[in-house]
Amino acid sequence: MSLKVDSKKEEVIPLSEGHYGGSRGRVDELPPPVATRTSQQSKPSLSAVVVIPIWMICSSSVILYNNYLYNNLNFKFPVFLVTWHLVFATIGTRVLQRTTNLLDGVKDVNITQDVFIRSILPIGLFFSGSLIFGNQAYLYLSVPFIQMLKAFHPVAILLISFAARIQEPNRRLALIVLLISSGVCMASFGELAFNMTGFIIQTGAVIFESSRLVMIQVLLQGMKMDPLVSLHYYAPVCAAINLLILPLTEGFEPFRQAMNMSFWILFSNAAVAFLLNVAAVFLIGVGSGLILTLAGVLKDILLITGAVLLFAKPVSLLQVVGYGIALVGLVVFKTMGGK
């Protein structure tokens with residue numbers, strides 16, 4: 001039985017970490033480069049009560065599963081793991097294209113050689129960088145602290161947009177930048193196991209991801225791409241880039257260790273990451289941006305709590321207060337529509 005989703009009349013919006021119609025989708029979740037908000041008539045039939053919990057479970061599972069591989073199974077090869085996710089996604093999107101109508105949007109996107117070189121390839125490079133840096137950070141920092149640092153994404157996007165003169169700064173945006181920045185700084189000062197290397201790597205991930213999202217707004221205006229259609233185009237590009245980087249960064253050791261690891265561990269890990277993108281297709285059609293932002297905030301709170309309990313990674317009171325301030329700034333930012 002094939003799965004059918006009506007995808008008519010779509011409007012392009014950037015999907016990013018908390019600024020989106022979908023996921024606080026992290027770099028370690030194969031975040032979709034572009035999302036579309038479907039019209040009221042073409043929303044998937046699943047309700048928000050069903051879709052949002054499924055998305056929250058998938059989103060949290062990917063992060064916790066990756067962290068488990070890196071730190072519990074001692075499989076410390078983030079470039080290999082990201083490359084495997086991308087290869088799986090390349091195959092998965094093409095299987096769905098042939099067996100469902102979830103990727104019917106591919107027919108509406110005209111990717112010429114010029115568009116590929118000018119837009120898809122550079123955005124793919126930033127996407128690949130955000131995925132690699134974001135996963136590398138888990139080797140040095142705790143899951144709760146990384147989630148707190150990701151609250152800085154809206155600030156980074158605004159600052160890059162200001163620098164590129166895509167958006168004009170104003171007093172309200174400046175106050176939001178100050179609020180979120182102050183909260184993230186407090187969370188960083190309160191981190192009990194602060195690691196400068198990990199902090200720099202995660203900062204690099206934020207810069208790559210934020211730059212990617214700004215580039216999408218500039219280079220792909222008018223293109224109708226939902227999360228799976230975006231993944232259909234970007235996954236093979238990023239996989240090829242990562243395969244070139246892999247021998248220079250991790251060599252062939254991850255292949256040897258992967259051979260000794262259960263196939264089902266690697267398969268299920270990539271499958272959960274891919275399912276997150278499928279969930280995102282349904283997610284963007286079930287609620288307003290603010291509702292989905294609040295769902296993302298709740299997911300992060302539950303994720304941080306779960307990581308503290310599962311991996312025994314304590315957080316300080318200063319971190320809790322700082323992260324709370326950053327989340328307030330994020331919700332205010334979304335309420336204003338980012339203006």
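A polar contact is a pair of N or O atoms within 3.5 Å; within protein, one must be able to donate a hydrogen and the other to accept it, and residues adjacent in sequence count only if both atoms are side-chain atoms. This is a predicted model, where local features need pLDDT of at least 70, side-chain atom pairs count only at pLDDT 80 or more, and totals for chains, interfaces and linings use all residues. Residues are numbered from 1 along each chain as its sequence is written, and side-chain values use heavy atoms, leaving out hydrogens and water.

**Stop 1: Asn 269**

Select Asn 269 in helix α10 (residues 263-283). Helices here are DSSP runs of H or I, at least four residues, numbered from the N terminus. Show the side chain of Asn 66 too: a polar contact of 2.9 Å joins it to the side chain of Asn 269. Is Asn 269 buried or exposed? Asn 269 is buried, because its relative accessibility is 1%. Buried means under 20% relative accessible area, exposed over 50%, and partly exposed in between (1.4 Å probe, protein chains only). Residues up to four places away in sequence aside, Asn 269 touches Tyr 65, Asn 66, Leu 69, Leu 81 and His 85. Contact means heavy atoms within 4.5 Å.

**Stop 2: Phe 274**

Now select Phe 274. Along with Leu 228, Phe 274 touches the most other members of the largest nonpolar core, which has 51 residues. Such a core is a set of buried Ala, Val, Leu, Ile, Met, Phe, Trp, Tyr and Cys residues joined through side-chain atoms within 4.5 Å. Elements giving two or more residues to this core include α1 (48-71), α2 (78-99) and α3 (113-136). A second, separate core has 43 residues, among them Phe 80 and Ile 304.

**Stop 3: Ala 235**

Move to Ala 235 in helix α8 (residues 227-249). Ala 235 is buried, because its relative accessibility is 0%.

**Stop 4: helix α7**

Select residues 196-219, the 24 residues of helix α7. The expected span is 1.5 Å times one less than the number of residues. That gives 34 Å, and the end C-alpha atoms are 34 Å apart, so the two agree. At the start of α7, find Asn 195: one of its side-chain oxygens comes within 3.0 Å of the backbone nitrogen of Thr 197.

**Stop 5: two cysteines**

Finish with Cys 185 and Cys 238. Cys 185 is partly exposed, at 40% relative accessible area. Cys 238 is buried, at 0%. How many disulfides are there? The count is 0, where a disulfide is a pair of cysteine sulfur atoms within 2.5 Å.
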